[in-house]
Amino acid sequence: IRHGYDQRSIAVVNSSGEPVDGIESVVSIEKLPFVPDLAIILTGGDAAFGLAEDLIEWGVRALNIFANDGRVLSDTADLKAMLNSTGTRLLGPNSPGLVSMPVGAAAHASQFLSRRTLRRGPVGIVSHSGAIGGIVANEMLEARVGFDWLICTGNEIDVGMGESLEFLANQEDLRSIGLFVETIRDIEPFRRGLELAAARDISVSALKIGWSEAASRAASIHSGAQVTTVEVFNAELRRFGAVLCDDVADMTARL
């Protein structure tokens with residue numbers, strides 16, 4: 001709401017029935033006044049699994065799950081089966097969400113959104129880490145460059161880094177894309193995204209973590225990533241003219 005989204009298009013489910021930030025709530029999914037385009041699930045992982053099931057049954061076809069514990073991580077096969085049977089798409093779990101400036105939706109749980117006025121710019125950001133994604137987006141705002149898209153993919157039960165890159169490479173107004181990568185789970189969409197970005201003269205700058213044994217363990221703990229080898233990753237970037245960055249500052253400077 002603070003960033004311009006129409007409050008009339010937001011519905012809140014709160015088991016207490018109390019308003020949330022001035023918005024009236026309903027006590028259950030069945031009492032929602034409309035079927036939302038996107039459901040943002042902000043509960044623990046065990047509860048989130050059941051809510052995802054209920055929302056899918058209710059007809060919601062896009063979910064964002066913030067939780068990084070419980071059944072949404074331990075029962076991924078069942079969660080994927082629910083998605084596949086209905087065509088529902090999921091961002092996460094372990095994802096704070098996304099910001100879409102063209103749509104006007106700041107559906108992202110990040111501190112910079114409470115402090116900053118958003119500014120459009122020809123930049124897209126995809127990050128496995130919500131924290132790093134927020135840092136890069138904030139840097140773009142501080143530099144008065146702005147950004148159009150911030151997508152944090154988390155554990156990638158469904159939507160992944162490659163598909164997100166391919167999506168951004170199809171956006172008409174983008175001129176650069178920044179990637180914070182732990183691993184590439186969907187390599188073919190990733191290659192298509194790099195190829196399309198190169199064809200459309202959209203620069204791609206990537207920061208890859210996990211080369212060392214300790215960093216690889218950290219990435220695995222953070223998002224379940226089986227970290228791609230440096231040789232494979234560098235070869236894919238070089239093939240399409242993308243740039244491997246040294247650190248966050250290097251990547252933001254290139255955007």
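This is a predicted model: local features need pLDDT of at least 70, side-chain atom pairs count only at pLDDT 80 or more; totals for chains, interfaces and linings use all residues.
Me: How many salt bridges does the count come to?
Reply: The count comes to 14 salt bridges.

Me: What about R116, which residue does its side chain meet in a salt bridge?
Reply: The side chain of R116 meets that of E142, at 2.6 Å from N to O. The pair links distant parts of the chain, 26 residues apart. R116 is in the loop between α4 and β8, while E142 is in helix α5.

Me: And how exposed is E142?
Reply: E142 is partly exposed, with a relative accessible area of 46%. R116 also counts as partly exposed, at 26%.

Me: OK, E236 now. Which residue does E236 form a salt bridge with?
Reply: E236 pairs with R239, and their closest N and O atoms are 3.8 Å apart. Both are in helix α9, three residues apart, so about one helical turn separates them.

Me: Is E236 buried or exposed?
Reply: E236 is buried, because its relative accessible area is 9% and buried means under 20%. R239 is exposed, with a value of 56%.

Me: Which residues are joined into one network there?
Reply: Salt bridges that share partners join E188, R191, E236 and R239.

Me: Different topic. Which residues form the nonpolar patch on the surface?
Reply: L38, I40, L42 and F66 form that patch, and together they have about 360 Å² of accessible area.

Me: Where is L42?
Reply: L42 is in the loop between β3 and α1. L42 counts as exposed, because its relative accessible area is 57% and exposed means over 50%.

Definitions and conventions
Residues are numbered from 1 along each chain as its sequence is written. Side-chain values use heavy atoms; hydrogens and water are left out. Patches are made of residues with over 30% relative accessible area and no salt bridge: like charges are joined within 9 Å, nonpolar side chains (Val, Leu, Ile, Met, Phe, Trp, Tyr) within 5 Å. Accessible areas come from the Shrake-Rupley method with a 1.4 Å probe; for residues, only the protein chains shown count as cover. A salt bridge is a side-chain nitrogen of Lys or Arg within 4 Å of a carboxyl oxygen of Asp or Glu. Helices (H or I, at least four residues) and strands (E, at least two) are DSSP runs, numbered from the N terminus. Buried means under 20% relative accessible area, exposed over 50%, partly exposed in between (1.4 Å probe, protein chains only).
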